[in-house]
Amino acid sequence: MHEFQDYHKIKLNIGGKMYNLWVADTDKKRAKGLSTIDHLPDQHGMIFLYDKLTKNKFSMRGTSIPLTIVFLDEQGKTVHQEKCKPFQEKLVKSSKPYKYVIEI
């Protein structure tokens with residue numbers, strides 16, 4: 001995954017499985033997300049970090065792989081989760097503010 005070589009990576013236990021997550025911690029990295037890849041290795045994904053609670057919407061329009069998007073509050077509690085299809089037109093949003101988003 002050479003397109004993410006300048007990203008930090010963290011390991012996180014999600015549902016009893018260890019995931020390797022690329023860290024999207026800038027506006028540019030968050031805007032890019034996983035839209036540039038056509039294959040996501042098993043137990044890999046991306047975590048989006050925000051400085052404060054937010055309610056931005058996520059778009060799958062440029063993403064060619066299915067993803068599960070998990071919105072988390074400042075304590076890491078899931079506030080919304082949605083399975084998304086490639087190139088899905090409907091925007092993905094949480095009804096509650098969140099500080100972190102994980103795409104797997």
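Which residue in β6 is the bridge partner of F71? The partner is V101.

This is a predicted model, in which local features need pLDDT of at least 70 and side-chain atom pairs count only at pLDDT 80 or more, while totals for chains, interfaces and linings use all residues. Residues are numbered from 1 along each chain as its sequence is written, and side-chain values use heavy atoms, with hydrogens and water left out.

Strands (DSSP runs of E, at least two residues, numbered from the N terminus) count as paired if DSSP finds at least two bridges between them. Six of them form an open sheet with mixed pairing in the order β1-β2-β3-β6-β4-β5. β1 (9–14) and β5 (78–84) each have a single partner strand and stand at the edges, so one side of each lacks a neighbour in the sheet.

| Partner of β4 | Sense | Bridges |
|---|---|---|
| β6 (residues 98–103) | antiparallel | four bridges |
| β5 | antiparallel | six bridges |

F71 also stands opposite H80 in β5, and I69 has E103 as its bridge partner in β6.

Buried means under 20% relative accessible area (1.4 Å probe, protein chains only). Six of the six residues of β4 are buried, so this strand is largely enclosed by the rest of the structure. L67, I69 and F71 cover one side, and T68, V70 and L72 the other.

A nonpolar core is a set of buried Ala, Val, Leu, Ile, Met, Phe, Trp, Tyr and Cys residues joined through side-chain atoms within 4.5 Å. The largest has 20 residues, and L34, M46, F58, I69 and V101 have the most contacts inside it.

Methods. Buried means under 20% relative accessible area, exposed over 50%, partly exposed in between (1.4 Å probe, protein chains only).
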